[in-house]
Amino acid sequence: MVDVDANYRTIIDRIGDAASKVGRKPEEIKILAASKSQEVDLIRLAIAAGVRMIGENYVQEAEIKKRAVSESVEWHMIGHLQRNKAKTAVRLFDLIQTLDSAALALELNKEGKKQEKKIRALIEVNLGGEASKSGIAEDKVTELVRVIGDLTYLQVEGLMTVPPFKEDPEDQRPYFSALRELQTQLEKLKVPNAPLKELSMGMTHDYPVAVEEGATIVRIGTALFGPRKT
């Protein structure tokens, strides 16, 4: 059995070291357990260790796991969300990290109205321009934020990115820095339902660098749970 508690403590320590390098408080950074394909027992161990955010990539998998987990935690959608799954996603998740189009924003807003629920979301930005990854292009984000400004049931709390993989985590620093700079630019728009305080960036391979660049949420899978079962 993987020692999830020990892994969690190691992650906490590494976050603390990275935060101290740049004068940040470690408590500013939240750990999201990326639990795609992981067993419910491991999710429960992560929650017992201190995790308060669970991230799932697929609506159906999240639905099964959420029924099996009674602990009070936030459930985040961290995989690409199709519009035809918006109804279920709005019901299941506390926050959707992968908002990437005006069409999806309108669909989420419509479902939020139907379910009488304010939808919390992050805008996923494809900074590397990779065709294999979802996310909106950097130069389209401002337009999307302006669209969201007119939506009553949608609130954008920040930005999320999955940068191109580089062997050396330092090579991913420019992408994290770019997301932080984009956040600063968008905050100047002062869109009322887009406070944009969160930066979800950094995973097992590179999260200390992301913390140094301003991450408020790091999405950790392998470092917490061990290798994912496929």
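I started at lysine 110, which comes out as partly exposed because its relative accessibility is 39% (I call a residue buried under 20% relative accessible area, exposed over 50% and partly exposed in between, using a 1.4 Å probe and protein chains only). This is a predicted model, where local features need pLDDT of at least 70 and side-chain atom pairs count only at pLDDT 80 or more, while totals for chains, interfaces and linings use all residues. I number residues from 1 along each chain as its sequence is written, and side-chain values use heavy atoms, with hydrogens and water left out.

**Entry 1: salt bridges**

I followed lysine 110 to its partner, glutamate 107, and found a salt bridge whose closest N and O atoms are 3.4 Å apart (a side-chain nitrogen of Lys or Arg within 4 Å of a carboxyl oxygen of Asp or Glu). Both residues sit in helix 5, three residues apart, about one turn of the helix (helices are DSSP runs of H or I with at least four residues, strands are runs of E with at least two, both numbered from the N terminus).

How many salt bridges does this rule give? I get a count of 18.

Next I looked at lysine 30, which pairs with glutamate 198 at 3.2 Å between the closest N and O atoms. Lysine 30 is in strand 1 and glutamate 198 in strand 7 (residues 198-200), so this pair ties together parts 168 residues apart in sequence.

Then I checked glutamate 63 and arginine 91, a salt bridge with its closest N and O atoms 2.7 Å apart. Here helix 3 (residues 59-68) holds glutamate 63 and helix 4 (residues 86-92) holds arginine 91, so the pair ties together parts 28 residues apart in sequence. Glutamate 63 counts as partly exposed at 22% relative accessibility, and arginine 91 also counts as partly exposed, at 46%.

I also noted a network of salt bridges linking Lys21, Glu170, Arg173, Arg180, Glu212 and Glu213.

I looked up the largest pocket and read a volume of about 590 Å³. It is lined by 20 residues, of which Asn57, Ile78, Val162, Met203 and Arg228 are the closest to its centre.

For the second largest pocket I read about 180 Å³. Its lining includes Tyr8, Ile12, Lys30 and Met53. Two or more residues come from each of helix 1 (4-21) and strand 1 (30-34), and helix 1 gives the most, four. Here I count eight nonpolar, two polar and two charged residues.

My pocket rule: on a 1 Å grid over the protein atoms alone, an open set of points with protein on both sides within 12 Å along at least five of seven lines, lined by residues with an atom within 4 Å of a point. Volume is the space filled by probe spheres set on the points.

**Entry 2: alanine 102**

I went back to helix 5, which spans residues 102-115 and holds alanine 102. Alanine 102 counts as partly exposed, because its relative accessibility is 31%. Which residues does alanine 102 contact, leaving aside neighbours within four places in sequence? I find Leu144 and Val147 (contact means heavy atoms within 4.5 Å). I also took the C-alpha separation from alanine 102 to isoleucine 136, 34 residues apart along the chain, and got 9.8 Å.

Conventions: On a 1 Å grid over the protein atoms alone, a cavity is a set of points where a 1.4 Å probe fits but cannot get out, and a pocket is an open set with protein on both sides within 12 Å along at least five of seven lines; lining residues have an atom within 4 Å of a point. Ala, Val, Leu, Ile, Met, Phe, Trp, Tyr, Cys and Pro count as nonpolar, Asp, Glu, Lys and Arg as charged, and the others, Gly among them, as polar.
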